[in-house]
Number of protein chains: 2
Amino acid sequence: MSALEKIKLAKKASGSLAIASTIQKNDALEQIAKLLVAFEKDIVAANLKDLERAKTDGLSAGLQDRLMLNTERIAGLAKSMHEIVSLPDPIGEAIRGMTLPNGLKLSETRVPFGVVGAIYEARPNVTVDISALALKAGNAVVLRGGTAAENTNIALVKILQQGLVKAGLSSDLVQTVDDFGREGASAMIAARGLIDVLIPRGSAGLIKAVVEDSKVPVIETGDGVTHVYIDDSANPDWSVEIVHNSKVQRPSTCNALETLLVHEAVSKTILPKVLKRLADSGVTIHGDKETCAIFPAAVAATEQDWSAEYYSLDLAVKVVAGLDQALEHIAKYSTYHTEVIITDSSAHAERFLAEVDSAVVMVNAATRFTDGGQFGFGAEVGISTQKLHARGPMGLSELTSTKWLVRGSGQTRI
Amino acid sequence: MSALEKIKLAKKASGSLAIASTIQKNDALEQIAKLLVAFEKDIVAANLKDLERAKTDGLSAGLQDRLMLNTERIAGLAKSMHEIVSLPDPIGEAIRGMTLPNGLKLSETRVPFGVVGAIYEARPNVTVDISALALKAGNAVVLRGGTAAENTNIALVKILQQGLVKAGLSSDLVQTVDDFGREGASAMIAARGLIDVLIPRGSAGLIKAVVEDSKVPVIETGDGVTHVYIDDSANPDWSVEIVHNSKVQRPSTCNALETLLVHEAVSKTILPKVLKRLADSGVTIHGDKETCAIFPAAVAATEQDWSAEYYSLDLAVKVVAGLDQALEHIAKYSTYHTEVIITDSSAHAERFLAEVDSAVVMVNAATRFTDGGQFGFGAEVGISTQKLHARGPMGLSELTSTKWLVRGSGQTRI
């Protein structure tokens, strides 16, 4: 069977899921959760094969971390299934409704997209997270998970399909085109009219290629060159803890901190404490001239550092004259993912919230909160850094479309 | 100045409009309304030049009708400005909000896209409608209105820019790249990062070219191969009036009726009345075998007729065995714009509403109601036939994005 035929199977099956009950969709997710736990050892064994190849191929520590599934992470996936079950079904929700002066009754109602495509790399958790959210939102899925996670994905797709069948749904609702290599991805981006939306997740290069070549509408999920700006009125303890947590808690993720900006008024008071705490956790500081003067262990930053998404225990640090310069720096280098201000000034906080043009803008909190799970979405499809359709962490409702239902009694237009 | 430089000017100016007050944006629209009326004669004179060339070039009657602006239509544009003024400003609206267990306060807030691009043909009303909606939603606009409406668009863009200046806003907020011919459009579809969303309106060929080549996210506005299905329980009077209104009231629009499906049980009772009323208004019937037998004035339909968007006083008519066959026909030939069932059966109405996968699905009303003005949106950006971001008539809120504002007090992730 060709990749195109698999995509057509997904499209054909999608109609049955669009009218499936919430009870049936939730049953499928519960079955998947059970199977994830039951087959945990098989998943870990398959994952070990992928991890071994990753080491041989010299994948970065960040990518290896993303690739890895252990008991705890598999339990996390199963837990996500239960959380998605507990979320309200978005399908059928009336978003807007009105009666026109002529008596026509309009209702804008949430409906499934139909078929959701995902192209990603070395992130087996995406296989389960995207599929579960897509299925709950009434969509079929077509997956291209890449060769690095090949064995893990085969094991996971089998579980997803078995879960569907146990719930009386078609196994065709989850398709993988991994067996076709690059041609699988080519078939997906050409499948306008069959796949309704494509979500690429992975390296900047992968996302750019999909965005530029796809004839199917794409939701760009982004690179996170995220910033924290420590204002002159910042709480010193919050500054130390927020920056440390943002950088160190899981550096391989797109919501990890990459560039720290600090008001010059606190560069000799707060900044040294912040940097010491980071250095104690093994973070390498790439500092501008002022930072290197204050903190001799820092290495000198180059222009590249301001655009770097390290995915590692590295951090670019720059001292700025104040909020204006911080906003300018962010406007120039941000990937519009997540930016944070640490401040006690309400005026500065409001200006930062209003003027920073990013998907998520925060005051006094860690960048790591930009996450579907943290936002209460149960799991995450990815974090949209484009402005069309969805922005920021995407959950169930971001995997739906709408349609207008109009009920009349013979109305004609004047 | 190059087309790219003009796009950059729009981008630069967009920041100021994003934080402009509703009062100031409404003032600009009121000024534009005044100028449209004041310069009505100049607009009509410019339009006459375009109409003369259209005749020489042999443009279809449908396109000539779309191109034409007279006193009444200009008054309609000015009236739209007042209607858009009276609509609530979408910017700043909180769409969702929640407090996380750790005390973080989240608010998903409506923000402008930034820069909206429109590529269209021979529809000078689009110049004003899209610009007014985009400006009220806080966006700059870049327009490529095509050569057929060249003179009219020059006059209209001047009015838009003057209106902005009178309201103390930058004239850079409305840009036209018409002076660069096809290169203007090429610059627009390549302007990823500068233009946030592109809306093509015009022929199927134009839309397809933009969708396939654009690196900027596109909202596809569609072709309308719309259907009315007369069920066996249909009210005969409603059937006659809804079909007549849907086809005849303004045949050059995308929401005009193109294919009529009729249940065989009423093909000898209701159908002849429907067809007589149409023929009296000069409609040519392209009928299947059964229709031609019933109505000898009909010409025999070919396979092409079922996919035809006539934009003229032509109608394809087919007798079907019942609802199932009607649904099958629609699934095969529809462009997912608007479909109507005329029925007295609640079960059939609900099935039609649930199973037809179109932007607007109606019961007992004319297809012509699929329209931003009719829906109460003040004017219309176009009718989206894709499922991403917007579906059906697009108004103010469809020209916005969102961002997440997060307010914390030192929270870090566990």
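**How chains A and B meet**

Hi everyone. Turn chain A by 180° with a shift of 0.0 Å along the axis, and it can be laid on chain B with an RMSD of 0.0 Å. That is how a two-fold axis relates two copies. Please keep in mind that what you see above is a predicted model.

So where does the axis run? Which residue of chain A comes closest to the rotation axis? That would be His389(A), with its C-alpha at 1.9 Å.

Now to the contact itself. Chain A puts in 53 residues, and chain B puts in 52 residues. Several elements of chain A give two or more residues each to the side that touches chain B. The helices on that list are α9 (204-213), α10 (236-248) and α14 (346-355), and the strands are β13 (360-365) and β16 (400-411). Which element gives the most to this side? It is β16(A), with eleven residues.

For those of you who think in side chains, here is the make-up by class: the side of chain A that touches chain B has 26 nonpolar, 17 polar and ten charged residues.

Do the copies use the same surface or different ones? Of the interface residues of chain A, 98% are also interface residues in chain B, so the copies meet through the same surface.

One last detail, and you can look for it in the structure. β13(A) pairs with β16 of chain B, residues 400-411, in the parallel sense, over five bridges. Within that pairing of strands, have a look at Val360(A): it stands opposite Trp404(B), which lies in β16(B).

How values were computed. Residues numbered from 1 in each chain as written. Chains lettered and ligands numbered in written order. Predicted model: local features only at pLDDT ≥ 70, side-chain atom pairs only at ≥ 80, totals over all residues. Least-squares fit on C-alpha atoms with pLDDT ≥ 70 in both. Contact = placed C-beta atoms within 7 Å. Helix = DSSP H or I, 4+ residues; strand = E, 2+ residues; numbered from the N terminus. Nonpolar A, V, L, I, M, F, W, Y, C, P; charged D, E, K, R; others polar. Pairing = 2+ DSSP bridges.
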